[in-house]
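Colleague: I've got a fold open and I'd like to learn how to read it. Can you walk me through it?

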Amino acid sequence: MKNFLSLLSTIAPLALATPVARQAGSHPSVDGLNFVIDGKTGYFAGSNAYWLPFLTNDADIDLAMGHFAESGLKILRTWGFNDVNTVPGEGTVYFQLHENGVSTINTGKDGLQRLDYVVSAAEKEGIKLIIPFVNNWDDYGGMNAYAKAYGGDKISWYTDADMQGAYQAYIKAVVSRYADSPSIFAWELANEPRCASCDTSVINKWATETSAFIKSLDPNHLVTIGDEGMGLEGSTDYPYTEVEGTDFALNLAIPDVDFGTLHLYTTDWGVTNNSWGNTWVKDHAAICESLGKPCLFEEYGMKDAHCTDELEWQDTALAATGMAADLFWQFGDTLSGGQTHNDRYTVYYGTDDWTCVVTDHVAEINAA
């Protein structure tokens, strides 16, 4: 693991520069260690709802967006990917087909037009979206969907010219659709990118090149990596190591990366003491402060116990210099077909859990 002080010395101009607004104007922007949304500089709350673009009933999207907005939540992260290797049955949403070394983008009514509706609904409600372009995991295709069509695996995905070419072509198609939308908060390279046992240079090089490519297409929106925040000093616990090929500070220092992201799942990571999460948040905030870029606490949650330690993590993030927003995993609602997916982390609109995780937290932010 690299010595953090040594790393800072190599990027001193960035770390010591006076914080300036990036991507200022009508779009969401960064001002020092803060986010700016609709002219307001401060701390913001939000959530994740990966499922929104896969709904086929417009009224369901409108209902969910309305509930989200009326609750005072501002930033919503949703999947901008849905990769397949064979065309699914009629009425099933997919965004990109990878087959026999060829990638075809689906712009039809069961393709990106569904994402179009999510973006337009967000515009109506004043919600700002984070849209990642690919998944590390196999859900909704992910990097393995590329690898099945082109040959290779999730590790070679980061360096293979054909797979990266298809990936960048998809990025260009999506960004071009929404580059002028006021509802885009940030473009995100991937959901939880990992490169198991890779040197950290692999993901760093990929993130450097991809973020620069996105900025060449759309210099007016923010760009972030979407990683879990792994790879930093402070502990020998698994999430602090570089075993997944990520170095948080090194990647945050990439010029075209506007803010850092971190996720937190103590149970899934084998951490038995949930208070560990408070240190995890503070350690990332310190790095963000040192580099002059804000942190987004992008995913966090407790299975079946939302009104316990999860609330302390929220308070820690709100109080930490360097943290600019938090998005709990995940927003749930009751739609025409019933409740949205319950992965045991889901917090449903209108429930007692919603009151403690959302209503009380938004009130605390507004009072700060």
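**Reading the fold**

Modeller: Start with overall size. A compact globule of 368 residues would have a radius of gyration near 21 Å, and the protein chain comes out at 19 Å, so the two agree. Keep in mind that this is a predicted model.

Colleague: What box do the C-alpha atoms fill along the principal axes?

Modeller: Roughly 55 × 45 × 45 Å. Inside the protein chain, 58% of the 368 residues are buried.

Colleague: And what share of the contacts with a separation of 6 or more comes from residues 24 or more positions apart?

Modeller: That share is 73% in the protein chain. As for the surface, the accessible area is about 13,700 Å², with carbon and sulfur atoms holding 50% of it.

Colleague: How many positive and negative side chains are there?

Modeller: The protein chain carries 20 positive and 50 negative ones, and the centres of those two sets sit 5 Å apart.

Colleague: Now the secondary structure. How many helices and strands does the protein chain have?

Modeller: It has 11 helices and 19 strands. In general, strands of a sheet pair through backbone hydrogen bonds, parallel or antiparallel. One case to look at here is an open sheet of 3 strands, ordered E7-E8-E9 with mixed pairing. Strand E7 (83-84) and strand E9 (102-105) are the edges, each pairing on one side only.

Colleague: How many bridges join E7 to E8?

Modeller: There are 2, and E7 runs parallel to strand E8 (residues 96-99). To find the spot, look for Val 84, which stands opposite Leu 97 in E8.

Technical notes: Residues are numbered from 1 along each chain as its sequence is written. This is a predicted model: local features need pLDDT of at least 70, side-chain atom pairs count only at pLDDT 80 or more; totals for chains, interfaces and linings use all residues. Side-chain values use heavy atoms; hydrogens and water are left out. Helices (H or I, at least four residues) and strands (E, at least two) are DSSP runs, numbered from the N terminus. The radius of gyration is taken over C-alpha atoms; the globule rule is 2.2 Å times the number of residues to the power 0.38. Buried means under 20% relative accessible area, exposed over 50%, partly exposed in between (1.4 Å probe, protein chains only). Contact means heavy atoms within 4.5 Å. Accessible areas come from the Shrake-Rupley method with a 1.4 Å probe; for residues, only the protein chains shown count as cover. Lys and Arg count as positive and Asp and Glu as negative; His and the chain ends are not counted. The place of a charge is taken as NZ of Lys, CZ of Arg, CG of Asp or CD of Glu. Two strands pair if DSSP finds at least two bridges between them.
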